[in-house]
Amino acid sequence: MDRRSGSKRKEARTAAGSSSSGGDRITALPLELRAQIASLLSFDETVQLTVLSRAWRHIHLHTPVVKIYLHAFLSFRDIYFDEAQSVRGLLDEDSILAVRVALGRRALEASSSKVDTLRLVSDIDDRRMRRHTARIVALADARVIRFLSPFAASDADARNAWSLDLPPAARELEVVTRSHLAPAIAGPGAAALRKLRLDYAVLSEWPRLPSLVSLDLNSVTVEAPFAPGAWCPLLDELDLFCCEIRQARVDIRLPRLRFLDMDSVDVAPHRRDTEAPYGVITIDAPELIQFEIDCAAGGTTDYKSFTLRAPRLRLLGWRNQYSERMVIDVGRPGSVKFGGITLKSIYSRGMMYYREQMMRMLQGLLPNIPPENLDDVAKPYLTLGDWSDSDDDDEPKHENEKQLTCDLKGLVMSHGM
């Protein structure tokens, strides 16, 4: 036998062995990194990794993110009608119970890691899923809970009340529905919840969350009286985006609020069947330092009255929202040094009305300037130009399509105290 050929075969086996060990680089990673990678999978898929090898046997006990998609266990090949005559698919409850058992063992295992984030997808109109949802939320006891109901509410289900009991560790909650009622938030974690975000929900009743510091409402319809100081008095940040508030009054009186953003907030009766100014908005926030309000020209109902009291305000961004009556009190003249004011006229209202609003706003920001002198003082910092809501450059502009902009920073630096 040729000694040289035997040596080559030995070298080939050595190289193959090195390639094999180098190919499984993920297994060689520290447990923490492998757990983060496994978090990209759903929890039932993570459990399946435990049969790979000894190194992966307990990986499902350490993933910081647990993802459970209950709708993935639903089959519509065989359907039936529930008590409300809604179409329901067959739910693989045995597989869901297996996932629950694995999650329960993780909760009992002393060496397991704490679940940081629970991502749960479930149909809240399905009573079977609601039952599993409640148990999964309790077993995970996660700091962050992100809940999604993927199906739009039918007319029969839209007003179905439901609840979400938070576990003790919960500090952040995000709920995305499809025109369902927002959940009643309860459980041992409700009193300690710090952040709440609701998307596409209908708020008929506010939850009482005494520790909440951040509230984000996205495309939410608010039917309940809007007075957040009564149910979350410690709010530090409030973001409202594309919300409909079906109340005549909006009272934001929050002693600790520092950041407020109102983007396309329509305060109007149901279905917005009025073109007259509507809504009395009052903001009383002694710690507010940043306030921005924005809407597409004509995109929201004009306000009947707007009052802002914010003695520590430093940034004001105001775009397009019209208010028939305007009162601004920011304490010391010239304290607002950042931001700007932009007002666009629309077909139903001429620029004369927006210029009057601009002067009322500037009077509140610069009370040290006599009203009879304000127009002359502000004139160098005001810009009047054309704008159009049409994408066709050749289309003639309407005579009311004007835009008035104020260089707030320049004005305040020149004439503030």
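**Side-chain contacts**

User: What's the relative accessible area of D116?

Analyst: D116 comes out at 27%, which makes it partly exposed. Partly exposed is the range between buried (under 20% relative accessible area) and exposed (over 50%), using a 1.4 Å probe and protein chains only. Keep in mind that this is a predicted model: local features need pLDDT of at least 70, side-chain atom pairs count only at pLDDT 80 or more, and totals for chains, interfaces and linings use all residues. Residues are numbered from 1 along each chain as its sequence is written, and side-chain values use heavy atoms, leaving out hydrogens and water.

User: Okay, which side chain does D116 meet in a salt bridge?

Analyst: R143, at 2.8 Å from N to O. D116 is in the loop between α4 (93-108) and β4 (117-121), and R143 is in the loop between α5 (127-140) and β5 (144-148), so the pair ties together parts 27 residues apart in sequence. Helices (H or I, at least four residues) and strands (E, at least two) are DSSP runs, numbered from the N terminus. A salt bridge here is a side-chain nitrogen of Lys or Arg within 4 Å of a carboxyl oxygen of Asp or Glu.

User: How many salt bridges by that rule?

Analyst: The count is 17.

User: And what else does R143 meet?

Analyst: The side chain of E172, in a salt bridge of 3.3 Å, N to O. E172 is in strand β7 (residues 172-176), 29 residues from R143. That gives a salt-bridge network of D116, R143 and E172. R143 itself is partly exposed, at 34%.

User: Switching to rings. How many aromatic pairs?

Analyst: Eight. Rings of Phe, Tyr and Trp (its six-membered ring) pair if their centres lie within 6.5 Å; planes under 30 degrees apart are stacked, over 60 edge-to-face, and the rest tilted. One of the pairs is W206 with W231, stacked at 4.1 Å centre to centre and 15 degrees between the planes.

User: Are those two buried or exposed?

Analyst: Both W206 and W231 are buried. Y303 and F306 also form a stacked pair, at 6.4 Å and 10 degrees. Y303 is buried at 1%, and F306 is buried at 0%. Ring pairs join F291, Y303, F306 and W318 into a cluster.

User: Last one: what lies over the face of W56?

Analyst: R34, 5.1 Å from the ring centre. The rule is NZ of Lys or CZ of Arg within 6 Å of the ring centre and within 35 degrees of the ring normal. The charged end of R178 sits over Y200's ring too, 5.5 Å from its centre.
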